[in-house]
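Colleague: Walk me through this model, please. I have it open next to me.

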Amino acid sequence: MIFNKRTLPARPVAAWGAVGAAAVLALSGCISMPVAPTEPSAVQPPEQSLSYVQRLKAMPVAQPSEDAIGQTLQQFVTDSRNTACVFTSSRAGHLNQPWEPNNYTDSANAAAPIIPVVNCQMVNYPPVQEKDRDGNCAGTNIGYLGGTVLLAPDKASYGGCRAGVTAIEAAFGPRGTVSEELAELPVLSPGQAMDGQGYRCGAMDDGVACANLAAGVGFFVDAQSYELFAPAATAAPAG
């Protein structure tokens with residue numbers, strides 16, 4: 001038996017090449033497409049990488065509550081009731097401290113200059129580092145305790161000589177008794193700040209930071225740690 005041969009039409013080589021290439025790419029996986037480069041977006045630095053002064057400058061300032069309008073001195077307590085601060089003044093080393101007896105108004109201090117300060121007291125607080133001790137407590141070297149912070153225009157200091165607990169610990173501590181005055185302290189919520197006498201204090205990181213914003217001097221304190229900060233000293237130019 002003889003079969004007639006039929007000649008198949010020739011398929012264009014170029015067509016087969018394109019189809020074959022597509023098949024190979026399909027079998028080999030995804031096809032990479034070129035992407036136009038994009039402009040880098042502006043990335044904000046994490047808040048923790050900023051200094052306390054920078055963070056304080058960026059914080060919204062809370063307005064005094066109606067309960068605080070009649071207070072002579074601006075003051076606040078944190079929402080945890082662990083730290084309370086007052087914007088007050090010092091004269092001859094004596095604080096105008098509304099929470100405890102003091103000698104600020106004694107006639108012997110009348111001629112001394114009045115220095116604006118911030119004073120904070122705590123319930124739970126870290127111990128004083130040896131390098132930050134300022135005094136020997138009348139030669140006894142006993143009773144230099146933490147739990148108090150004082151911010152003056154050019155310096156921040158932590159701790160001091162005292163007997164017993166702080167006024168805030170006596171009020172808000174486990175066995176404390178809150179006086180009517182301390183019970184009315186306005187609460188400074190986390191992320192909020194308060195201004196007074198050229199200083200700013202803000203509630204942050206489960207603690208409080210305060211600074212003289214113009215000078216860059218201040219502190220941060222919480223129940224476990226504290227930090228005192230100031231601008232680095234600039235070397236005097238060579239003569």
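**Strands, pockets and confidence**

Modeller: β4 and β5 pair in the antiparallel sense over four bridges. A strand here is a DSSP run of E of at least two residues, numbered from the N terminus, and two strands pair if DSSP finds at least two bridges between them. This is a predicted model, so local features need pLDDT of at least 70 and side-chain atom pairs count only at pLDDT 80 or more, while totals for chains, interfaces and linings use all residues. Residues are numbered from 1 along each chain as its sequence is written, and side-chain values use heavy atoms, with hydrogens and water left out.

Colleague: Which residue in β5 does V118 stand opposite?

Modeller: L151.

Colleague: And how many bridges join β2 to β4?

Modeller: Nine, and β2 (residues 83-91) runs antiparallel to β4. T88 has V117 in β4 as its bridge partner.

Colleague: Which strand gives the most to the lining?

Modeller: β6, with seven residues. By type, the lining of this largest pocket divides into 13 nonpolar, 13 polar and five charged residues. Asp, Glu, Lys and Arg count as charged, Ala, Val, Leu, Ile, Met, Phe, Trp, Tyr, Cys and Pro as nonpolar, and the others, Gly among them, as polar.

Colleague: What about the second largest pocket?

Modeller: Its volume is about 160 Å³. T78, D79, S80, D206 and G207 lie nearest its centre, out of 13 lining residues. Four of the lining residues are nonpolar, five polar and four charged.

Colleague: What is the strand order in the open sheet of five?

Modeller: β8-β9-β10-β11-β12, with antiparallel pairing. β8 (193-196) and β12 (226-229) are at the edges with a single partner strand each, so one side of each has no neighbour in the sheet. Within the sheet, β10 (residues 207-212) and β11 (residues 217-221) are joined by five bridges, and A211 has G218 as its bridge partner.

Colleague: What is the average pLDDT of the protein?

Modeller: It is 82, and 73% of the residues score at least 70; pLDDT is the predictor's confidence in each residue, from 0 to 100. Residues 1-36 are below 50, and beyond near neighbours in sequence that stretch has two contacts in the model (heavy atoms within 4.5 Å). Where pLDDT is low, the predicted coordinates should not be read in detail.

Methods
On a 1 Å grid over the protein atoms alone, a cavity is a set of points where a 1.4 Å probe fits but cannot get out, and a pocket is an open set with protein on both sides within 12 Å along at least five of seven lines; lining residues have an atom within 4 Å of a point. Grid points are joined across faces, edges and corners, and a volume is the space filled by probe spheres set on the points.
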